[in-house]
Amino acid sequence: MTGTSWWGRSGRGPQSESCRLLSVDAESRVFSRLRGTIAWETLRSMLSGARLRLALVVLLSAVFWGSLYALFYEGFSFLESIHAEVISLLFNAFFSSLMIMLVFSTAILLYGNMYCSTEAKLLLTLPARAENIFAHKFHEAMWFSSWGFILLGSPMLVAYGVVRGSPWTYYLLLLPFMVSFVVIPATLGAICCMAAVAWLGSLRMHALAILGVVVCAGAAWLGWSMFGSSPAGGGTTEWFEQVLARLSIAEQKFLPSWWLSSGLLDAAQNSTRPETRFASLLESVKFLAVLVSNGMLLQLLARWLARSCYRQGFSQLVGEMPARRQRRIAWTDEFLSAAGTARGRPLRLLLVKDLRLFRRDIAQWSQFVIFFGLLGLYFFNLRVFNYNVAYASMISFLNLAVAGLILSTFTTRFVYPMISLEGRRFWILGLLPVHRDQILWSKFLFSFFGGLLPCCALLYLSDSMLGISHSLIWVHEICCVVLCMGLSGIAVGLGARMPDLRESSPAKIAAGFGGTLCLVLSSLFIMAVVVIAATPTHLAMATRAFGGGGPPPTGILGWASGPQGTAASLLLVGFLGVIATFLPLELGLRAFRRLEP
Amino acid sequence: MIEFDHVTRTYGPKPAVTDLSLSIPRGELFALLGPNGAGKTTTIKMLVGLLRPSRGAVRICGYDLTKEARSAHLHTGYVPDEPTLYDKLTGREFLWFIADMFGMPRHMATQKIGREIEHFELAEFCDDLTESYSLGMKQRLVFAAALLHDPDVLVLDEPMVGLDPRSVRIVKDLLRTRTQEGMTVFMSTHTLAMAEEMADRVGIMVRGQLRFLGTIAELRDHMALETTNLENLYLELTTAGPDAS
């Protein structure tokens with residue numbers, strides 16, 4: 001067995017000749033090359049195979065950026081003329097809240113990337129330094145968690161610069177400022193993540209939950225103290241001053257958000273005197289230096305932490321006992337299984353299975369709770385603003401569209417891939433005495449009822465806060481039912497018509513051509529429903545506003561803006577709903593019956 | 001080459017591996033057998049540094065996996081039970097990444113990548129993205145990557161899963177040649193025929209403890225049964241009580 005080795009000599013091994021441990025820099029370069037190659041190949045695949053998605057992403061991002069720019073331009077022009085000092089306060093509040101979000105989002109992303117991914121398992125078996133593996137994963141996580149900040153922050157800051165007539169140096173400094181700022185909360189998130197895994201052990205989830213509750217409670221208190229408890233009422237000068245006074249809590253000099261705000265405000269100074277302009281620029285660069293040096297210090301700390309405890313933390317996590325599930329069956333499952341006729345039992349059992357999977361998939365229900373929770377928080381604060389009837393009605397229809405759009409992202413992300421994922425396990429369902437149609441119908445019902453309850457409740461909340469009339473509330477609720485039906489039909493039908501049976505990741509399935517088409521069709525459907533439903537109400541308001549107290553309009557205009565018009569629009573909405581539900585479903589059912597996995 | 005020194009690993013209060021002491025010399029092909037939940041995967045994970053022992057030490061070429069993980073990894077190749085690749089890299093790019101990570105000089109990397117592409121017959125698809133590979137193709141690429149740096153120790157976790165008969169033959173031939181030339185192989189498997197055909201020694205784990213260690217002939221002597229069939233011996237050993245050894 002032993003003797004002369006196969007590389008032609010006896011001795012220690014082949015490594016002395018062909019392999020060596022890399023220096024820190026060389027290792028970093030290998031990881032950079034890896035990221036570069038993956039990015040290039042991803043872009044190439046998108047350009048060759050997913051042009052529609054890429055074009056949509058670019059187009060929507062451009063529209064989003066442009067709209068935000070216009071919005072911020074108007075806002076800053078208004079504030080500049082009357083409350084210039086408020087801008088510093090707003091910057092501080094915006095950047096400090098963003099900082100908290102970045103800490104959390106990076107920590108969560110890194111937890112998945114560093115401790116739960118198969119890539120981490122591969123890298124940890126290679127002769128790579130733990131701190132370099134961390135740096136590699138950190139780059140990815142920082143990019144994913146901060147692109148939103150760049151997309152949201154850049155139109156705001158560019159608009160501010162334009163309104164202030166800032167010098168070119170301001171625009172030059174924008175990107176360095178944003179990047180150096182993002183590094184700080186992202187690194188803090190990384191440090192929290194690694195420390196929690198290494199030192200809190202199995203208590204980390206409890207600690208995270210407590211921290212989450214504390215942060216949510218803090219945000220709720222701040223929100224309530226600003227918008228809810230004001231005796232002055234929303235929109236008045238007194239209320240505005242109270243809000244500003246409370247926002248000043250974000251103006252703390254030890255916070256990186258303050259360094260960023262101050263640096264940007266200094267860079268944006270537009271003075272006619274060259275020496276003042278130079279002094280402002282110098283001051284701004286000083287703040288940038290503070291951000292960069294703090295970011296670097298935190299990076300050093302994070303790398304040291306990774307070197308000391310990444311491998312240990314990973315081992316600890318791998319070695320944890322999986323929590324035992326209780327054998328007890330949830331009451332909802334029991335109820336659903338038992339209720340109804342024996343004929344419908346297979347369908348109900350499929351529903352129970354999907355419900356169980358949903359409950360146990362944190363990614364699904366946490367996003368569901370977060371998005372609808374945030375929407376609820378926004379709706380809840382609507383009462384502060386004393387809108388007039390026409391404006392309130394417009395907002396209520398926009399809220400209907402927002403609820404629909406959020407629901408459509410869920411149906412695309414979670415419902416659309418369901419059939420593809422089922423395809424991989426098709427042998428289980430294929431061998432059961434269940435008709436294939438029932439599988440599809442169960443997905444549809446799951447999606448429909450899953451979206452109906454939160455959407456209807458949220459719209460009722462929105463309408464109540466806006467003081468909308470009962471008849472309009474009914475219109476919204478009917479539209480909501482139609483939206484839930486249509487969006488579920490589109491997602492389930494297209495999912496069955498265009499399944500991707502080879503892919504196991506729901507995110508990748510949703511990101512493909514079918515998923516993109518599903519999102520586009522869903523958005524068009526939502527727009528059509530909202531526009532058709534809103535037309536009679538707003539036509540009536542417009543005729544009243546422009547009629548100047550004269551006699552009500554007659555003819556087609558009178559008909560369209562009256563109750564008949566509302567009934568007709570609802571009929572049209574219902575018809576559109578039926579088409580959006582049953583056409584894709586029928587296409588999906590036909591394809592699913594023929595499916596050969 | 002490989003040394004487990006009184007290694008114990010617990011999951012919470014539950015022991016997964018208990019007081020494992022095992023030494024595998026250079027050039028030996030060792031097969032670890034055992035029923036599901038016996039502690040084979042835990043042992044492999046400790047051997048490749050993904051899991052640290054609760055007590056004791058694991059060493060490869062004299063390097064402690066807990067204290068000198070990088071040096072130990074430099075001497076190790078690992079083929080996991082589920083191949084891990086980057087979807088958006090081609091097979092060749094993946095091999096280059098591994099070669100770079102092991103600090104191989106350019107000319108040597110080129111030569112060895114060519115050699116492994118030829119050995120595992122990857123030429124036809126190695127310039128396609130790995131996302132389009134079948135399980136067998138992925139497994140062959142992972143084998144090529146694990147052997148690229150001519151490791152002193154090769155760790156295999158259920159190595160033949162997903163491979164077609166021809167690929168199985170290629171792997172078997174390669175393992176034979178390389179162990180004869182000095183490489184140590186640590187293999188965990190459920191395929192008794194494979195262990196019987198390839199292994200110099202086998203270890204049989206039951207409930208976290210090494211119940212038998214020796215050659216197949218020694219196992220037959222040890223069990224003192226009429227049957228010489230490895231399957232029967234294995235079943236007898238793994239279903240018997242704790243003092244059967």
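Mentor: The hairpin of β9(B) and β10(B) has 2 residues between its strands, and in it Arg207(B) takes a positive phi near 45 degrees. The two strands on either side are β9, residues 201-206, and β10, residues 209-214, both of chain B. They run antiparallel and are joined by 5 bridges. As an example of the pairing, Ile204(B) has Phe212(B) in β10(B) as its bridge partner.

Chain B has another open sheet, of 4 strands, in the order β2-β1-β4-β5, and its pairing is antiparallel. Its edge strands are β2 (14-24) and β5 (63-64) of chain B, each of which pairs on one side only. Within this sheet, strand β1 (residues 2-11) and strand β4 (residues 55-60) of chain B run antiparallel and are joined by 5 bridges. Asp5(B) stands opposite Ala57(B) in β4(B).

Now to the partner chain. In the model, 43 residues of chain B are in contact with 39 residues of chain A. On the chain B side, the elements that give two or more residues are α2 (69-74), α3 (91-101) and α6 (165-180) of chain B. The largest share, 5 residues, comes from α2(B). By class, this side of chain B has 18 nonpolar, 11 polar and 14 charged residues.

Two packed helices are described by the angle between their axes and the distance between the axes. Take helix α4 (residues 86-116) of chain A with helix α10 (residues 256-267) of chain A: their axes come within 8 Å and cross at roughly 140 degrees. That angle makes α4(A) oblique to α10(A), and the crossing of α4(A) and α10(A) is right-handed. Among the residues that make the contact are Phe91(A), Phe95(A) and Met99(A) of α4(A), with Trp258(A), Leu260(A) and Leu264(A) of α10(A). The contact of α4(A) with α10(A) divides into 8 nonpolar, 5 polar and no charged residues.

α4(A) also packs with helix α7 (residues 168-199) of chain A, at an angle of about 50 degrees and with the axes 7 Å apart. That makes α4(A) oblique to α7(A), and α4(A) passes α7(A) in a right-handed crossing. The contact includes Met99(A), Leu102(A) and Tyr111(A) of α4(A), and Val182(A), Leu188(A) and Cys192(A) of α7(A). Its residues are 16 nonpolar, 2 polar and no charged by class.

A further pair is helix α17 (residues 436-466) and helix α18 (residues 470-497) of chain A, whose axes come within 8 Å and cross at roughly 150 degrees. That makes α17(A) roughly antiparallel to α18(A), with a right-handed crossing. The residues of this contact divide into 17 nonpolar, 5 polar and 3 charged.

Last, the confidence scores. The model scores ipTM 0.90 and pTM 0.76. Chain B averages a pLDDT of 87, and 95% of its residues score at least 70. Chain A averages a pLDDT of 81, and 84% of its residues score at least 70. In chain A, confidence is highest in α18(A), at 92, and lowest in helix α1 (residues 15-18), at a mean of 58. Over residues 1-16 of chain A, pLDDT stays under 50. Where pLDDT is low, the predicted coordinates should not be read in detail.

How values were computed. Residues are numbered from 1 along each chain as its sequence is written. Chains are lettered from A and ligands numbered from 1 in the order in which they are written. This is a predicted model: local features need pLDDT of at least 70, side-chain atom pairs count only at pLDDT 80 or more; totals for chains, interfaces and linings use all residues. Axes are lines fitted to C-alpha atoms, for helices over the stretch in contact, and angles run from 0 to 180 degrees between N-to-C directions. Angles under 35 degrees count as roughly parallel, over 145 as roughly antiparallel, 65 to 115 as roughly perpendicular and the rest as oblique. A crossing is left-handed if the near helix is turned anticlockwise from the far one by less than a right angle, and right-handed if clockwise. Two residues are in contact if their C-beta atoms, placed from the backbone, lie within 7 Å. Ala, Val, Leu, Ile, Met, Phe, Trp, Tyr, Cys and Pro count as nonpolar, Asp, Glu, Lys and Arg as charged, and the others, Gly among them, as polar. Two strands pair if DSSP finds at least two bridges between them. pLDDT is the predictor's confidence in each residue, from 0 to 100.
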